[in-house]
Amino acid sequence: MDLATTLGSLAGELFKQGAKQLGGIVGGAVGGPAGAIAGTLAGKVVETLAGKLGTPATPEAVTEAIRKGPEAAAPVIAQVEAAAPEMIRLWEIEAQRGSDAQAAEIEKGFGAWQFWRGAWQGLIIAGWAVILLAGVFGGNAGVRPLLPMADLISAWGTVTLTWLAVFNGGHTLKEIAPQLGFGRGRK
């Protein structure tokens with residue numbers, strides 16, 4: 001069974017139990033991409049119901065538990081339905097925080113850090129392209145390496161790994177460097 005059918009079945013079971021808010025939340029996720037339920041409000045509803053029903057946190061398992069024991073599931077569903085407005089409120093706060101963080105980054109503008117990140121990325125990609133051309137065409141395309149290919153790959157691999165360490169660990173580096181006397185401290 002596909003995800004849309006599964007979510008539709010779960011939404012139908014929730015509506016049958018009188019949980020209009022939960023049914024609407026889960027039913028609203030039907031049109032999304034297959035992995036979109038995780039991390040969404042519908043995913044939180046499924047996770048909460050599963051936890052209270054004692055099933056795995058999948059729409060299939062929750063639907064099956066409701067179908068097998070509708071009388072036992074009714075109070076659990078009613079409890080989660082009563083908590084739905086608070087779940088919606090918290091989800092909206094989380095979504096707003098993410099939007100605010102993104103807006104703050106955009107508002108800062110394009111700085112030197114972003115420029116150098118892109119410039120290094122371009123240089124790394126270009127270097128690997130040259131190595132690939134030299135390796136594939138053996139220098140027949142006008143690109144002749146001055147070092148043996150193994151040494152060239154090793155050296156450029158070191159440059160790439162250093163860039164990755166700075167790029168991926170750059171925020172850590174920016175936090176530690178002022179403590180070690182490098183760079184400027186936070187204001």
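The residues of α4 that are buried are P59, A61, V62, T63 and I66; buried means under 20% relative accessible area, exposed over 50%, and partly exposed in between, with a 1.4 Å probe and protein chains only. This is a predicted model, in which local features need pLDDT of at least 70 and side-chain atom pairs count only at pLDDT 80 or more, while totals for chains, interfaces and linings use all residues. Residues are numbered from 1 along each chain as its sequence is written, and side-chain values use heavy atoms, with hydrogens and water left out.

The protein chain as a whole has seven helices and zero strands, and 26% of its 187 residues count as buried. Among its contacts with a separation of 6 or more, 55% are between residues 24 or more positions apart. T6 belongs to helix α1 (residues 3-16), and it counts as buried because its relative accessible area is 2%.

Is T55 buried or exposed? T55 counts as buried because its relative accessibility is 18%, and, leaving aside its neighbours within four places in sequence, T55 is in contact with A50, A61, V62 and A65.

We can now turn to the interior. A nonpolar core is a set of buried Ala, Val, Leu, Ile, Met, Phe, Trp, Tyr and Cys residues joined through side-chain atoms within 4.5 Å. The largest nonpolar core has 22 residues, of which L14, L22 and I77 touch the most other members. Two or more residues of this core come from each of α1, α2 (20-28), α3, α4 and α5, and α3 gives the most, with six residues. Leaving aside its neighbours within four places in sequence, L14 is in contact with A19, L22, G23, V26, L49, I66 and I77. In soluble globular proteins, nonpolar side chains tend to be buried together.

How values were computed. Contact = heavy atoms within 4.5 Å. Helix = DSSP H or I, 4+ residues; strand = E, 2+ residues; numbered from the N terminus.
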